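Me: Could you take a close look at one part of this protein for me, and then tell me how the surroundings are built? I'd enjoy a connected walk through it.

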Amino acid sequence: MVQIRRAIIWQLVGLLVAVGALFFLSRLFPVIDTLAEIQQHVMRWGAWSAIWYPLLYACCNVLLLPGGVLSVGAGFFFGLWWGFFIALVGNVAGAAISFFISRTLGRQWFARRLLRNRTLGALEPAIEREGWKIILLSQLHPLFPTSLLNYLYGLTRIRFRTCMLWVAIGQAPGLFLYSYLGTLGQLGLNLARGKTHPRPIEYWIWLGGFASAAIVMMLLGRIALRLLRQAQETQPPDSQEIAPSSLQISPARISRHDR
């Protein structure tokens, strides 16, 4: 729980720093106008923007690049629900490509490198035994490197469609939170440009919704960690064993692909 809370705190601190930096830069440079121009440029692409954006997201996923900015951008450019859907499609597409590469093209190469990590090596037999349950929990946990795990899934005997289904379900809460954050950014931009004038109650609704989503993510992460520990403790004696505490991956060891 401490690791999960710390990860969420660091993300919130990063968010506040980013907001503060934007506010400071807006006093020196036309940041608001630049963001508005970028948004309008993306929107001018019409349906093509909704096609290319998830492809860009999938490429970041496959290349193990941070995708949190793209997840927030999806909400900023496309709104809450469309942004969430586009980010989810891009994430699942990236997971499918990584799964295919690991299972068919580079199985031996990925096996030698991924299974050397103690935590990933412990998850592999757990996935073999528990299947969809471990995939769902590992995707829900905020400290697990989900892009890297997509390659690990390809090394197991899990069926492709089963894996993709539970990857999508496990990623949905985090992607929704990121898209929500992007939508708040869109609202802030419209406020700064005088395009919208919400009532005070609307501020409380939007901020309350974001706080509720963050709390739900923290609780889901706590549940996921507890169940992953239980799955590790029930691992057969002849399987690779590690201490349950090692399931708390340090961000310094393996960076998580942000939603």
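Reply: L64 counts as partly exposed because its relative accessibility is 41%, where partly exposed lies between buried, under 20% relative accessible area, and exposed, over 50% (1.4 Å probe, protein chains only). This residue sits in the loop between α3 and α4 (68-78); helices here are DSSP runs of H or I with at least four residues, strands are E runs of at least two, and both are numbered from the N terminus. L64 has a phi near 60°, a positive value in a residue other than glycine.

A word on the basis of all this: the model is predicted, with local features needing pLDDT of at least 70 and side-chain atom pairs counting only at pLDDT 80 or more, while totals for chains, interfaces and linings use all residues. Residues are numbered from 1 along each chain as its sequence is written, and side-chain values use heavy atoms, leaving out hydrogens and water.

L65 is also in the loop between α3 and α4, and with 40% relative accessibility L65 counts as partly exposed. The C-alpha atom of L65 is separated by 8.5 Å from that of S147, although the two residues are 82 apart along the chain.

The crossing of α7 and α9 is right-handed, meaning the near helix is turned clockwise from the far one by less than a right angle, with anticlockwise giving left-handed.

Back in helix α3 (residues 47-62) you will find I51, which counts as partly exposed because its relative accessibility is 41%.

As for the whole, the protein has 11 helices and 0 strands, and 47% of its 259 residues count as buried.
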